[in-house]
Every structure is written in C-alpha cells, then in structure tokens.
Amino acid sequence: MAAPKVAVVGAGVIGLSTALCITETCPSCSVTVLSDQFSPNTTSDVAAGMLIPHTYPGTPIHVQKQWFKETFTFLFAISNSPEASEAGIHLVSGWQVFKNTPKKELPFWSDVVLGFRPMSEGELQKFPEHRFGQAFTTLKCDCPPYLLWLEKRLKAAGVQMHTRKVTDLWDLHSEYNVVVNCAGIGAHQLVGDEKLFPVRGQVLKVHAPWVKNFIRDGDGLAYIYPGIHRVTLGGTREKGSWSLSPDPGTTKDIFDRCCSLEPSLRGAQDIKVKVGLRPSRHCVRLQREVLSRGGVKLLVVHNYGHGAGGFSVQRGTAKEAARLVGECIATLPGSSSRAKL
C-alpha cells in the first residue's frame, strides 16, 4: 500500500512532540502538521516549561509517573548534548516552599528529578514565612526555542507544516488515513469536549539575570522560573476564563507576590506580560476513536487536555499517542504491519 498519511492537528508542544514520535515509530508514514498558529503564537509559547508535574485526578499515578520519567529522560539527554542551547533546555536547581507541611512530603515524581531532599534550616531562613520546603534540580525548556527546535527536527524528517484552521476533523477524511487531535484548548470547539475547560494563566517575563534558582510556592500561586534569557514570574489559575487580555491589577499582584519570595526582583527590567489558556481536564484524553459517516470511516487519535502539565509529560503522552497511531495503521486495508501487531 502507499505510505499511510497522518495529519497532526495542533502545533504546540503536544502536537509537535507527537508528530516527532510518530516519525520515529512509523517511519513509513507521511506526516503533516496542520495548525492555525505556530510558534511564537501558541499557548505553549507562554508556558514556563518547567518540569514539575501537575497531577491529573483521573489518571493513575503510575501512568503519570511513567509519562514524566520518559519526558525527563528525553530532555535530560538533550540538555547533555551540543544541541542544548539551541533547544533551550537546561538544568535548574531551586526550592519548593510551603507555609504548612504538606500531607504528602514526597511527591510521586521525587525520584525522577535530581537530588530531591528536604530543605535545611539554613535554606529556610531565606523564606521566613514558610515552614517547610523541598530542594531539587529539574529541567526547564525555554519554550519558543524548544518549539523551533522540534519544528527543525520534524522538517529534517520530511514532515510537512501547513497553516490551516481545522474546524471539523471529518474535513480531513479524504486526505489522510489517520488524524491526531492535539488541538489543546481548541478541542473544546473542534470535537465539542465539554469536559475540557480553560485555566487562564497570566505570567510576566522579566530581565533579571542574577536570579539563578527557581522558587515555587507549594500552593502553585507564586513561582519564579529562570530561563536562559528571561525569568518567568507567575502566576494565575483562573478556571473557566477565556480572556486573553492582560490585566494590569494581576500584573502588579504577580510581581508583588514574587518579590515577597525573592526581594531582589524589585530590580527586574523590561517586564513583558503574557497570557495563555491551559487546556484542562480531569485527565488527559489519550485514546483512539473511529468516526463514521455513510459507511466511510476516519481513524482518530486524541492527545489533549494536559492543563498546566504539558511540558512535564509531553514525550510520555506523545509516545503513547504514536503507539495508538501504529495500531490504527495496522488496521488499514493492505497494511504490512497488521501481522506484527
């Protein structure tokens, strides 16, 4: 049979990672990425890109840990390579601090990040309002460079990229054998997913090159994540808000909260405000579906709904989506891979 044609809808970190995994696991496929927005205009471009997992209540913890471990291993290898600076990936050490000791002192991901330990009394003196803390080293992706690096890898593998707004997956049935839905918050309208909702995030990107350590308040409402060129200050978690307009009051609130954790930020320069809508669900939608009209079928794989945790599980969920694409291809008439699966 001719090379199976696969369309990946969405060009954020999940869409590009999934397309890359498909090219690696199904090299005979012809893969195309379709999106109305590419970097630097995706939700992923706003993200801080820190590998600190978000917890999905509807997904077993061992599955989430596997996704995170696969992602950490993949990005750690890049951080240890000559491509690290182009890909925008680097190790960063720091602290997660709590005003009250959490019920679970060891998060499920504590043995995946590097050097996880309780903070010492001396370290806690830096945070007089906090009583408990954890120190560790993790990875950070500087988002626009990382997305451009993924695009470069995809183009080198022969993947086509087209700017196209897909409003109905069925519109692709005559052109592609399998469609992969990585539309993020766009899936709310694209597939009518009422379980998907936006969690609005407003962040500041500032010039403060003296800030070298990350600091995250355990409640997730204040965080300081140093990148290669800029420091991301956050944030907000506004469930159900679709507004992409920056709010000046929120900007001041974020800045004040972060300065209470790191007073030296009062000297930060060149403050830029960014807003993104996290595509949130009770659990990531990672499954196969067959759409059917008038006896004609379209094979679909969904991979969306990562909320605040997309960068932390990108590779793990992309590998699973690529495996599901392989299963779809094995069912196509005349498929040579049917016998293997």
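Me: Can we start with Arg 278: which residues does Arg 278 touch, not counting residues up to four places away in sequence?
Reply: Contact means heavy atoms within 4.5 Å. By that rule, Arg 278 touches Ile 185, Phe 197, Pro 198, Val 199, Arg 200, Gly 201, Tyr 223, Thr 236, Arg 237, Gly 307 and Ala 308, with residues up to four places away in sequence not counted. Before going on, note that this is a predicted model, in which local features need pLDDT of at least 70 and side-chain atom pairs count only at pLDDT 80 or more, while totals for chains, interfaces and linings use all residues. Residues are numbered from 1 along each chain as its sequence is written, and side-chain values use heavy atoms, with hydrogens and water left out.

Me: Where is Arg 278 placed?
Reply: Helices (H or I, at least four residues) and strands (E, at least two) are DSSP runs, numbered from the N terminus. Arg 278 belongs to strand β13, residues 269–293.

Me: Is Arg 278 buried or exposed?
Reply: Buried means under 20% relative accessible area, exposed over 50%, and partly exposed in between, with a 1.4 Å probe and protein chains only. Arg 278 has a relative accessible area of 13%, so Arg 278 is buried.

Me: Which residues does UniProt list for "binding site" together with Arg 278?
Reply: UniProt positions are given in the numbering used here, feature names are shortened, and annotations may be inferred rather than shown by experiment. The unreviewed UniProt entry lists Tyr 223 and Arg 278 for "binding site". Tyr 223 sits in strand β10, residues 223–226, and counts as buried at 7% relative accessibility. Beyond the neighbours within four places in sequence, the contacts of Tyr 223 include Gly 234, Gly 235 and Arg 278.

Me: What other residues does the annotation "binding site" cover?
Reply: In the unreviewed UniProt entry it also covers Thr 43, Ser 44 and Val 166. Thr 43 counts as partly exposed at 38% relative accessibility, whereas Ser 44 counts as buried at 11%. Not counting residues up to four places away in sequence, Thr 43 touches Gly 276 and Leu 277. With neighbours within four places left aside, Ser 44 is in contact with Gly 12, Val 13, Cys 143, Leu 147 and Phe 311.

Me: What should I look for in the backbone?
Reply: Most residues other than glycine have a negative phi, and most peptide bonds are trans. Here, the bond between Gly 234 and Gly 235 is cis, with omega about 0°. Gly 235 is in the loop between β11 (231–234) and β12 (238–239). The bond from Ser 39 to Pro 40 is also cis, with omega near 15°, and Pro 40 lies in the loop between β2 (30–35) and α2 (43–46). As for phi, Asp 270 is not a glycine, yet has a positive phi of about 50°. Asp 270 is in strand β13 and is partly exposed, with a relative accessible area of 42%.

Me: How do I read the packing of α1 and α6?
Reply: Axes are lines fitted to C-alpha atoms, for helices over the stretch in contact, and angles run from 0 to 180 degrees between N-to-C directions. Angles under 35 degrees count as roughly parallel, over 145 as roughly antiparallel, 65 to 115 as roughly perpendicular and the rest as oblique. Helix α1 (residues 13–25) and helix α6 (residues 143–156) pack at about 30°, with axes 10 Å apart. The two helices α1 and α6 are therefore roughly parallel. Their contact includes Leu 16 and Leu 20 of α1 and Leu 147 and Glu 151 of α6.

Me: And where does Glu 151 stand, buried or exposed?
Reply: Glu 151 is buried, with a relative accessible area of 9%. Among the residues that Glu 151 touches are Phe 38 and Ser 39, not counting residues up to four places away in sequence.

Me: At what angle do α3 and α9 pack?
Reply: Helix α3 (residues 61–79) and helix α9 (residues 310–330) pack at about 100°, with axes 7 Å apart. The helices α3 and α9 are therefore roughly perpendicular to each other.
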